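Good morning, everyone. Let's look at one structure together, starting with a salt bridge and then moving to helices.

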Amino acid sequence: MHLDLNLLISLDALLEEESVTGAADRLHLSAPAMSRALGRIRRATGDQILVRAGRAMQPTPRALAFRDEVRALVLRSAAVLAPEQELHLDTLQRTFTLRAHDALTTAVAPVLAQQVAAVAPGVRLRFLAETADETADLSRGVIDLEIGSAMPTSPAVDHDAVGMDELVGIARAGHPMLATAIDLEEFVAVPHVLVSRRGRLRDRVDDVLEAAGVSRTVVAAVAATGAAIDIVRATDVVAVVPKSVAVRLDAGVARFRLPVDLPPVPIILAWHRQFTDDIGHQWFRTLTRTLLHGGSA
């Protein structure tokens, strides 16, 4: 039996993207070429693999059943067929997919993209937002690097505790509250906006405030930190954000020390163990880690 490894790679891309066009882009192929590959996969497996569901496509039950196995085979094959060699950044051709809370992406992405382009022009970056629900993307090796605050629990995932990010308050420049030192009473008296992927109108700040015997008024919840910053800039609403984000804001937004003790947020890099010894991935991890520490690589 002749085994075409390219079909396995195509199958992996199709199952991850759930789109012929997306899989073609991922593998740098034309859409017709990927359609032909899907046809060959269907004939080889006797299964449709992807079926039309409205305007989207979805995997068949059989495809879902072997998706993780296909991903593992592709990763293992890549490791076998890519022997360790000296890293030449000027000729490196690779795409790194990074997933993080949008606040961290806002803080890291511009500088990371700039530094990567300066030394490795053939490297492309994909920044993905955190999902509302937990996924197995990291443990399956779909995500190259994840920046989060929780320790990974999967044995297939390695991690590095980079540091801690302090939480601070932000308000529009010229906000009346900023005229003097801000006490707890003033802090809870002004309206607040918070960032929540699920649209929740409370977070751990409210737990700490309630323990202190006070409460605040949350007037809005938005899914992205950038949206919260825009609201703060245009109104008297305030927000609590990581300091790594606040220090990069323009003069229209001022940061202030919170009148309540909030524990800092851990910053943890996580990646599939398959990439631990990969020299290209090691370079990317080191660069990201350095930027999160506030330095330059």
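Start at Arg67. Arg67 is buried, at 18% relative accessible area. Buried means under 20% relative accessible area, exposed means over 50%, and partly exposed is in between, with a 1.4 Å probe and protein chains only.

Before I go on, some ground rules. This is a predicted model, in which local features need pLDDT of at least 70 and side-chain atom pairs count only at pLDDT 80 or more, while totals for chains, interfaces and linings use all residues. Residues are numbered from 1 along each chain as its sequence is written, and side-chain values use heavy atoms, with hydrogens and water left out.

Now, which residue does Arg67 pair with in a salt bridge? Its partner is Glu18, and the closest N and O atoms are 3.2 Å apart. A salt bridge is a side-chain nitrogen of Lys or Arg within 4 Å of a carboxyl oxygen of Asp or Glu. Arg67 sits in helix H4 (residues 61-81) and Glu18 in the loop between H1 and helix H2 (20-26), so the pair ties together parts 49 residues apart in sequence. Those labels are DSSP runs numbered from the N terminus: helices (H or I) have at least four residues, strands (E) at least two.

Stay with Glu18. Glu18 is partly exposed, with a relative accessible area of 29%. Glu18 also has a positive phi of about 50°, although it is not a glycine. Ile49 has a positive phi too, near 65°, and is likewise a residue other than glycine. Find Ile49 in the loop between H3 and strand E1 (50-53). Ile49 is buried, with a relative accessible area of 0%.

Back to salt bridges. How many are there by this rule? The count comes to 16. One of them joins the side chains of Arg273 and Asp158, at 2.8 Å from N to O. This pair links distant parts of the chain: Arg273 is in the loop between strand E12 (265-272) and H10, Asp158 is in strand E6 (residues 157-165), and they are 115 residues apart. Arg273 counts as partly exposed at 46% relative accessibility. Asp158 is buried, at 15%.

Arg216 bridges to Asp206, with the closest N and O atoms 2.9 Å apart. Arg216 is in the loop between helix H7 (204-211) and strand E9 (217-222), and Asp206 is in helix H7, ten residues away. Both Arg216 and Asp206 are buried. Elsewhere, salt bridges that share partners join Glu17, Arg26 and Arg126 into one network.

Last topic: helix packing. Two packed helices are described by the angle between their axes and the distance between the axes. Axes are lines fitted to C-alpha atoms, for helices over the stretch in contact, and angles run from 0 to 180 degrees between N-to-C directions.

Take helix H1 (residues 5-17) and helix H3 (residues 31-45). They pack at about 105°, with axes 10 Å apart. H1 and H3 are therefore roughly perpendicular. Angles of 65 to 115 degrees count that way; under 35 is roughly parallel, over 145 roughly antiparallel, and the rest oblique. Leu7, Ser10, Leu11 and Leu14 in H1 meet Met34, Ala37, Leu38, Arg40 and Ile41 in H3. Contact here means heavy atoms within 4.5 Å.

Finally, helix H5 (residues 102-119) and helix H10 (residues 279-292). Their axes come within 10 Å and cross at roughly 130°. That makes H5 oblique to H10.
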